[in-house]
Amino acid sequence: MSPESLERRAVISGVGQSQVGRRLYRDPLALTIDACLAAVDHAGLTLADIDGLSTYPGNMDQPPGFSGVGVTEVHDALRLELDWFAGGLELPGQLGSVVNAAAAVATGLATHVLCFRTVWEASAQGDAGRASVTPGGGGTYKASGFLQWTLPFGAPSAANWIAMMAQRHFHEFGTTREQLAQIALNARRNAARNPNAVYRDPMTLEDYLSVRMISTPLCLYDCDAPADGSTAVIVSRADTAADRPRPPVRIEAVGTALRGRPSWDQFDDLTTMAVRDAAAMLWERTELSAADVDVAELYDGFSFITLAWLEALGFCGKGEGGPFVEGGDRIALDGPLPLNTNGGQLSGGRLHGYGLLHEACVQLWGEAGDRQVPGQPEVAVAAAGGGPLAACLLLTT
Amino acid sequence: MTDAAAAALRPFRVLPRVTAANEHFWTGGADGELRILTCRGCGYRIHPPAPVCPRCLGREVAPEALSGRGVVHTFTVNCQPWYPHLDPPYVVAIVALEEQDDLRLTTNLVDVDPDDVRIGMPVEVVFEPYDDVWLPLFRPSARPA
Ligand SMILES: [Zn+2]
């Protein structure tokens, strides 16, 4: 363990979320403001208290709906007076922006940082499906940077890149589609208890096995559901927590490491990629262990990433993710490790990591309603990212 | 068939932007060569290209032709129509080149039924010309890699 894990000087004091749905056709900034104001109110603060702002990936035009709301828009719309702010894409995944906020708070650069992530990919795609947001579809566009190594080969999507990770995992460890299916089936069961989830109808293993393939071994139900929505969390200095309406969610440790090559195809171990390093760093910074975790909210942009996080965080051994989730009992809401309790992104909607962090906090506060994990959970892990981008947070009451 | 007619039958591909740094890779196929930047000092293969050797920090780096042989490290059969005029299914693979353990290319496998692709399968490069580049694709190889 490190001499001092300074992230413990930061806590999460409130969370908020906008309306979430498939094509809402609402202004993404309006969704963002809804989430931000809800979070500020939840934390018992006013906008005058907010002196920091953090987001991922910052404002960018492409691909459509991936962003569109950056630090600047929120700063100006709410006329905030900021001492610190940051928004950007080159971070250890989506929750890297929350870790940035914790670091700013821990070093005294800010007291209450409003962190947000807004997606409106469903509306941006309209009725044209994901092909409408594929990079480089026509015109004189030429690929550079990392995309030059994949786009010429008709592999424009993380679905292709993650599929190759999954295929390698299947090859090395004998993982099966029936096992992977449990991640999706568990998400759908939990989504049925979440009124804000986008897909709530029951799903069977037969449904999963018969739906169309996207990129083998991943089928449609292994891919998250594009949605519109915004999520906000307030990261506050721990010594302000006594004034808040509810006890803080404490940040026990964070993991942001990327110790291999920052590349989807050159990374040494394609069965783990960066989640291995982020998870290892998390446990290096705390005396708690995987056995202490009561609820796990693990990124499911694709089902396989959740499997990789389960292994990396030590809930099972390396390569044992398939047998671990088999049958689904271990990861069920009433099982020993409730997983993605709001339906995750597979059925809850692709809120890009922030939805999972939001859910971890709500569970620790006991505010999850019909999907509340029994027995007053005290330790949660929220993890986001996959491939060469990953960050995770260990949270306690 | 005319060249224009042949071109019209080719699948749509997004092409790379050729620069001084990557030209050896994307145009080596004109001479039938898979060229990878190589450190003059220690022989390490540097991909994607960079003006420094990550192993010895040497700055003398130059393209060298490789054998073009490798094995399928992993693959996926893409079934999703991402682009008009690029029809699924087709095989996307990461091929590990035989010259160096950590040297890989994302590519397509051709001249093989998608159902017959296996991890570990030996493959060899073939080049497909498009405008100003030659895309390195791979096909099953009779010779063990
Ligand atoms: Zn060298």
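This is a predicted model: local features need pLDDT of at least 70, side-chain atom pairs count only at pLDDT 80 or more; totals for chains, interfaces and linings use all residues.
1. The zinc site comes first. With angles of 98 to 119° among its 4 donor atoms, the zinc ion sits in a tetrahedral site. Residues are numbered from 1 along each chain as its sequence is written, chains are lettered from A and ligands numbered from 1 in the order in which they are written, and side-chain values use heavy atoms, with hydrogens and water left out.

2. Which residues hold the zinc ion? The SG atoms of Cys39(B), Cys42(B), Cys53(B) and Cys56(B) coordinate the zinc ion, at 2.2 to 2.4 Å. A donor here is an N, O or S atom within 2.8 Å of the metal (3.2 Å for Na, K and Ca); water is not among the atoms, so sites may look incomplete. Along the sequence, the donor residues follow the spacing C-x2-C-x10-C-x2-C. Cys39(B) belongs to strand S2 (residues 34-39) of chain B, while Cys53(B) is in the loop between strand S3 (45-46) and strand S4 (61-66) of chain B, so the pair ties together parts that are 14 residues apart in sequence. Helices (H or I, at least four residues) and strands (E, at least two) are DSSP runs, numbered from the N terminus. Cys39(B) and Cys53(B) are both buried. For accessibility, buried means under 20% relative accessible area, exposed over 50%, and partly exposed in between (1.4 Å probe, protein chains only).

3. Now look at the strands of chain B. An open sheet is formed by 3 strands in the order S3-S2-S4 (chain B), with antiparallel pairing. S3 and S4 of chain B are the edge strands, each pairing on one side only. Two strands pair if DSSP finds at least two bridges between them. S2(B) and S4(B) are joined in the antiparallel sense over 6 bridges, and Leu37(B) has Pro63(B) in S4(B) as its bridge partner.

4. Arg45(B) lies in strand S3 of chain B and Glu64(B) in strand S4 of chain B, so the pair ties together parts that are 19 residues apart in sequence. The rule asks for a side-chain nitrogen of Lys or Arg within 4 Å of a carboxyl oxygen of Asp or Glu. Arg45(B) is buried, at 15% relative accessible area, whereas Glu64(B) is partly exposed, at 36%.

5. How do the two chains meet? Their contact (heavy atoms within 4.5 Å) takes 39 residues from chain B and 38 residues from chain A. The area buried between chain B and chain A is about 3500 Å², with 56% of it from carbon and sulfur atoms. Trp82(B), Arg104(B) and Thr106(B) supply 20% of the area that chain B buries against chain A, more than any other three residues. Buried area is the accessible area (1.4 Å probe) that two parts lose on being put together, summed over both.

6. Salt bridges deserve a point of their own. The whole structure has 23 salt bridges over all chains, and across the interface of chain B and chain A the rule finds 1. Lys142(A) and Asp132(B) form a salt bridge, with the closest N and O atoms 3.7 Å apart. In chain A, Asp268(A) and Arg276(A) meet at 2.8 Å, N to O. Asp268(A) is partly exposed, at 44% relative accessible area, and Arg276(A) is partly exposed at 26%. Glu121(A), Asp224(A) and Arg350(A) are linked in a network of salt bridges.

7. Gly314(A), with a positive phi near 85°, follows H9(A). Helix H3 (residues 96-106) of chain A is mostly covered, with 9 of its 11 residues buried. Among them are Val98(A), Val99(A) and Ala101(A). Gly108(A), with a positive phi near 80°, follows H3(A).

How values were computed: Four donors count as tetrahedral if all angles lie between 85 and 135 degrees; four count as square planar and six as octahedral if opposite donors are over 155 degrees apart and all others between 65 and 115; anything else is irregular.
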